[in-house]
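Dear colleague,

I am passing on the structure below, and after it I have set down what I found when going through it. Please read the notes with the coordinates open beside you.

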Amino acid sequence: MAGPKKSLGQHWLKDRDVLAHIADEAHITPEDTVLEIGPGLGTLTSELLRRAKNVVAVELDEDLARKLPGQFPGKPLEVVNQDILTFDLRALPENYVVVANVPYYITSKIIQLLTTATNKPRAIVLLIQKEVAERLAAEPGDMSILAVSAQIFAKVRLGDVVPAALFTPPPKVDSQVVILEMREEPLVEADLEKQFFRIVKAGFVAKRKKLRSSLSSGLHISKQDAEVLLQKHGISPDNRAEDLTIQDWLALARDV
């Protein structure tokens, strides 16, 4: 079999304990459909098939997609040779679960796709770059647009750290399991979502600047008006965007 393709960010993980941990964190039941993104050689697929009713594996690599079904004869596995970003999630049953070891370069796009989909999964368990996992689970004081965007749709927690040495070939950084348990309702109402992200993006446009400056620039208002807005909601104009809670952003969005 050909080796991992650098252009697709492929790094194979074969450690059975780690693979079992990833699958365990998804809390898969015998009635679940699991969407696996980038199954690769099928090592994680094997763990998922032991737990789930069926597995839909979306693989971009044509060679791998062609070979994968033969590894699991008679098993409830559907392999789709497609880019996950163009895959129609509406084809999956409600409350499906996503489990994946995904390339670093596409992590943010995958999370955005899944959390904002019409047919959202019940839970998402990803093995991703450790730094990105930590950003997703960040708390006020270390927030980012990625953290805010994920946490309004899901409760985020961290699983095990996976050292780079366990992969073939080893990536340059360690990985970590991150679990997103989808909220029944997003923290931001649908009719407020556009305004919410407008003000969040304004706050983070120059994240090292104090909020009075970043909101003034991003919202095209005076620094004085930005100060008044922030103080009205008990937020110091000297804070930075990373310091705010999601509730702070919601309060500002409802008032702009």
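Phenylalanine 196 and phenylalanine 197 are both buried, and I begin with them because each has under 20% relative accessible area, which is what buried means throughout this message. Please keep in mind that this is a predicted model, and that everything reported here is computed from it. These two phenylalanines form an aromatic pair, with ring centres 5.3 Å apart and 85 degrees between the planes, an arrangement that is edge-to-face.

A search of the whole structure gives 2 aromatic pairs. In the pair formed by phenylalanine 204 and tryptophan 249, the ring centres lie 5.8 Å apart and the planes meet at 35 degrees, so this pair is classed as tilted. Because phenylalanine 204 belongs to helix α7 (residues 193-204) and tryptophan 249 to helix α10 (residues 246-253), the pair ties together parts of the chain that are 45 residues apart in sequence. Both phenylalanine 204 and tryptophan 249 are buried.

Helix α8 (residues 211-219) also deserves a look, since it is mostly covered, with 7 of its 9 residues buried. After α8 comes histidine 220, which has a positive phi, near 60 degrees.

As for the chain as a whole, it holds 10 helices and 9 strands, and its C-alpha atoms fill a box of roughly 65 × 35 × 30 Å along the principal axes. When contacts between residues at least 6 apart in sequence are taken together, 64% of them join residues that are at least 24 apart. The chain carries 32 positive and 35 negative side chains, and the centres of these two sets lie 5 Å apart.

With best regards

Methods. Residues numbered from 1 in each chain as written. Predicted model: local features only at pLDDT ≥ 70, side-chain atom pairs only at ≥ 80, totals over all residues. Heavy atoms only, no water. Helix = DSSP H or I, 4+ residues; strand = E, 2+ residues; numbered from the N terminus. Contact = heavy atoms within 4.5 Å. Lys, Arg positive; Asp, Glu negative; His and termini not counted. Charge placed at Lys NZ, Arg CZ, Asp CG, Glu CD. Phe/Tyr/Trp six-rings, centres within 6.5 Å; stacked < 30°, edge-to-face > 60°. Buried < 20%, exposed > 50% of the residue type's maximum accessible area, 1.4 Å probe, protein only.
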